[in-house]
Each structure stands twice: as C-alpha cells, then as structure tokens.
Amino acid sequence: MKLRLWTFDLPLRRVFRIARGEVSVQSTFIVELEHNGVRGYGEATTSRYYAQTIEGMAAVVRGAVEYIERLSPNLANPEWPADAWRELDGLLQSSRFAQCAVDEALWDLFGKLRGEPLYALWGGRPDNAPLSDYTIGIDSIDVMREKLREFGDWPIFKIKLGAPHDAEILRAMRAETNAALRVDANCGWTLDSARELLPLCVECGVEFVEQPFPAIEVAAMQEFKSWSPLPLVADESCVVEADVATCEEQFHGINIKLMKCGGLTPARRMIAAARKRGLKVMLGCMTESSIGISALAQLAPFADAVDMDGAVLLAKDLADGVRLERGKAHYPERGGTGVTILGEPGELGGREL
C-alpha cells in the first residue's frame, strides 16, 4: 500500500453563508491510497467549527502512515475496510475528519479492487436513493432569490436560517418556488425565536427543521420537541456514534456527516443505531468535491433524506463520480465510490503534503 496526501483550494460558485460564518474558497484534504496500481481516494475539508486544519489532519495521518502502508486488502472479506478502521482507530481518532478521509480511501480502493460499487456490496440500490436538496446560503433576499432561480428546477431546497430576517427569507423563498423546503438554522435560533418562526414554517410547508439550537442546549431541545408540529433533525448535536442515543429525546432524526463521525464505517453503524431507536436518517455533506460526495452517495439508498450538494456548490471540481442532476444522483458504472480524478493532482492545483 502506498499513501499520498494532497491539499486543494476549492473555489465556490458564490459566497456561502450560514449562521456562524461564510466561505468563498474551501480548503480540502485528500488521501490517496494505491495498491497494485489501483488508487482509492478520500476527502475531508477544513472546519473552523470543528477545529480541523490541513496541517492538523495531515499530521494525524502521517502518524499512522507505517500502519496504513502495511495494510493488505483482503478481498474475500467484505468488511475488510471496517476491520482496518478498528485497527487504526487508536491512531486516527484524535481527528475524525482525517479518519474519514482514510476510511473513504480504503473503501474506495477495496471496491475498485473487487470491481464492485460499495452500495451494491452493502445490498443497496441507486433507485432507492432519495432526491438531494440544494442549499441556499444566507444572504440578502435578492441574492437568495437569484441562487434559487439558478437551480429553479430542483425539487427540494434547504434554506439556511439563523439571521435577523429569517421570517422575510422564508416568505421570499416560498413565494419564489413550489418546491419542497427544509430549514437549517445551524444553532442560530433561541427557544423564543423558534416559537415565533414555527407557525410560519408550517404555513410555508417546511418538511423539517435542522439543528435550531446549539448542541449544549439539551433542555431547550427536549422542550421544543415536545410541542413542535414539525420533525426536528440533529446535526451539530449528532457528531459521533455515541450521540445517537442522546438525540432520541431531543430530535426525530439525525443528520450523519462522514467527516464528523470518522467515515463510512461508523456512519453505517449510526444508521443501524438510528433505525433501532426509531429515528429518521438524513445524510449530509460539507462543501466538498465529488470525492467526498461520491463516498456519501454510497449510503444514500439507506437514508430517508439526503443533502449531498457540496460539489454542486463548487465553481471547479477535482473529480468525476456520482453526479447530481435536479437532485437525482447518477451513479457511474465503476467500483468503489465510482470516483476518478480529473487529471494528476499537481495539474489540478494540488499541493502534496
């Protein structure tokens, strides 16, 4: 096994704003694993909220390089990458983001070596994947209208809220489209603002509300759940596997993001744990390239809702893989996550670490 690490700067189509910040260029960390001439890829982006930097992720993976490069894929064992995840967990768990990039690369490589897409290996069918929403970041009303019109043929929009003019935003978005709407406050609401905004959400036909309060406000979430007429979905409150149990009394569903939990391996376990507790399963992404999105899409057939538009938000992608068209995921006929790099990393502006 040969390991290489890369970093890229991903320019966005437009400035992307949520309740706690904005970004116009997203730095991303790419893990490349090669075995017998076959390459697998995984990805994790930087995050101020989760204190993840390129340098920090690279340092964690370098600390495990001799163990990673000693791994030998066992193609007869369909859970070999999961076994490798457990073997490496003690070395990588200090950065679940870095662990995610390694785990995605291992699964991608494994599927390619077997000549089998991961969704098929896990018993899934692409036709069962829900339609993805397209995210409209916080901005002026006019700019948010423009963003929506640019993708006006999409069937579902996720509207970022947590701004002083949330009610105006929501009314404007509903007036602009008949598509399904979802709301994500990114911890930007209070219990009082939630009481004011929920009737409007119902009036506008919002499907569900994602992470209205900061994760530490457990009592407020429990109270909100007790009277909310809409389903509530955890994001920042559901980071790793252990959080699934604590979300049961606060939310109706969880949003699983591969970078938060450490990759495809724990995400599969989180889906199973959520099902046992009667929680709905949403899959979410960061602003990432088709490397990360193609990995996430392998789990889409097992979810109730998906938000995997991260690569659609980019002005320039790094790879070809699972592609979204009006919310529908189109899967390439390739093994692993189906991802291929659009040239040599150095030619794409990548910097080897």
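Two strands count as paired if DSSP finds at least two bridges between them; helices (H or I, at least four residues) and strands (E, at least two) are DSSP runs, numbered from the N terminus. The model is a predicted one: local features need pLDDT of at least 70, side-chain atom pairs count only at pLDDT 80 or more, and totals for chains, interfaces and linings use all residues. Residues are numbered from 1 along each chain as its sequence is written, and side-chain values use heavy atoms, with hydrogens and water left out.

Let me begin with the sheet. Four strands, in the order S3-S2-S1-S16, make up an open sheet with antiparallel pairing. Strand S3 (38–45) and strand S16 (351–352) each have a single partner strand and stand at the edges, so one side of each lacks a neighbour in the sheet. Strand S1, residues 2–18, pairs with S16 over two bridges in the antiparallel sense. Thr7 has Arg351 as its bridge partner in S16.

I turn to the whole protein. It comprises 13 helices and 16 strands. Along the principal axes, the C-alpha atoms fill a box of roughly 60 × 40 × 40 Å.

Finally, contacts, meaning heavy atoms within 4.5 Å. Of those with a separation of 6 or more, 67% join residues 24 or more positions apart.
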